[in-house]
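I wanted angles, axis distances and the residues in contact.

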Amino acid sequence: MVEVRNELNGVQAARALQLMTVAGRWCSSYGFHTGAAIEATAMTIAFSAPAAIGVARLVPAQLVGVWLSVTDDVFDTQLSDRTRLHNLVQRYDVAAATGRCADDTDPYESALVDIVGRLSSLPDYARWKPFWHQQLHTVLREWEWAWRADHAQVRPELDEYLSHSSAYGAWPVVIALWMAASGPEILDPLRESFDHAQTALMLTNDLATADREYEQHTVTNALFLGAEPSRMQHLIADHLLEHKRLAQPHADTTAGRIVTRLTDFLIGLQQIDIHHPEWQHR
């Protein structure tokens, strides 16, 4: 499989570089250090977004993705107190809903409020805000569940873990792109389609990050909950095929193109070729 960078055409690569530059300055202003997240998010958005959308309208989606990455790292590696974790989840949830900061000494909360302000300038912000906040709320709650599972004496069952795939955190980025695109309607089959995509993305991420998460004593990884790599490959294929089946009737819509292109690109980042015959006809 060719390297993901080679899948970007010239216009997309230029957009990705512009997004990386803006996000790099933004991260520096808050003291965030996350070069890899900036690059991956910028390439994904540049590849997924309709060509007619200018970079300025893509920046909020880029910052949503970067914020999710840096904040997830904090939850995973820097929090040791359950009460503090719960309080942060509540504060960030309120900040996302209101666009107001309860503790301006917290750079993550301040950055989230800044993102909400940027999102509010997008064409379809008013229509999509409730759905965006709902999905960010879900991600935060899923992170809280994962933290508790990692610190519990009894490991969760694999099926329970799979039911928390929203923790992957791609929905808020997709909705930010929909806000920028102006026009797509919420389609229930498309929502179901991307839920399947997120499960597949979470499992591919589990395969890619297993070594690091083992060193961090992370429990919430399908490999550590009894799933053999071969079973994970079957699960990934099943969820991707169902994602594609449900998305196909909407392939010509703006929303459908964003969802399918973003999924394809993120799968490609993990070097899994979903167009290989093994993934199409098992």
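**Entry 1: the model.** I am working from a predicted model. I describe each packed pair by the angle between the axes and the distance between the axes.

**Entry 2: helix 6.** I looked up helix 6 first and found that it covers residues 125-150, which is 26 residues. From its first C-alpha to its last it reaches 35 Å, close to the 38 Å expected at 1.5 Å a residue. I then checked for a bend and found one of about 25° at Phe 131.

**Entry 3: helix 4 with helix 6.** Which angle do helix 4 and helix 6 pack at? I read about 175° for helix 4 (residues 82-98) against helix 6, with the axes 10 Å apart. Angles over 145 degrees count as roughly antiparallel, and helix 4 and helix 6 are therefore roughly antiparallel to each other. On the helix 4 side I listed Arg 82, Leu 85, His 86, Val 89, Gln 90, Tyr 92, Asp 93, Ala 96 and Ala 97. On the helix 6 side the contact is made by Lys 129, Trp 132, His 133, Leu 136, His 137, Leu 140, Arg 141, Glu 144, Trp 147 and Arg 148. Sorted by class, this contact of helix 4 with helix 6 has 9 nonpolar, 4 polar and 6 charged residues.

**Entry 4: helix 3 with helix 5.** I took helix 3 (residues 55-77) and helix 5 (residues 107-119) next; their axes come within 10 Å and cross at roughly 160°. Helix 3 and helix 5 are therefore roughly antiparallel to each other. I noted the crossing of helix 3 past helix 5 as left-handed. Helix 3 contributes Val 59, Pro 60, Leu 63, Val 64, Trp 67, Val 70, Thr 71 and Val 74 to the contact. Helix 5 contributes Tyr 108, Ala 111, Leu 112, Ile 115, Arg 118 and Leu 119. The class count for helix 3 with helix 5 came out as 12 nonpolar, 1 polar and 1 charged.

**Entry 5: helix 10 with helix 11.** Last, I looked up helix 10 (residues 229-247) and helix 11 (residues 254-269), which pack at about 160° with their axes 11 Å apart. That angle makes helix 10 roughly antiparallel to helix 11. The crossing of helix 10 past helix 11 is left-handed. Which residues of helix 10 meet helix 11? I found Leu 240, His 243 and Ala 247 in helix 10, meeting Val 259, Thr 260, Thr 263 and Ile 267 in helix 11. I divided the residues of this contact into 4 nonpolar, 3 polar and no charged.

Notes: Residues are numbered from 1 along each chain as its sequence is written. This is a predicted model: local features need pLDDT of at least 70, side-chain atom pairs count only at pLDDT 80 or more; totals for chains, interfaces and linings use all residues. Side-chain values use heavy atoms; hydrogens and water are left out. Helices (H or I, at least four residues) and strands (E, at least two) are DSSP runs, numbered from the N terminus. The expected span of a helix is 1.5 Å times one less than its number of residues. The bend at a residue is the angle between axes fitted to the seven residues ending there and the seven starting there. Axes are lines fitted to C-alpha atoms, for helices over the stretch in contact, and angles run from 0 to 180 degrees between N-to-C directions. Angles under 35 degrees count as roughly parallel, over 145 as roughly antiparallel, 65 to 115 as roughly perpendicular and the rest as oblique. A crossing is left-handed if the near helix is turned anticlockwise from the far one by less than a right angle, and right-handed if clockwise. Contact means heavy atoms within 4.5 Å. Ala, Val, Leu, Ile, Met, Phe, Trp, Tyr, Cys and Pro count as nonpolar, Asp, Glu, Lys and Arg as charged, and the others, Gly among them, as polar.
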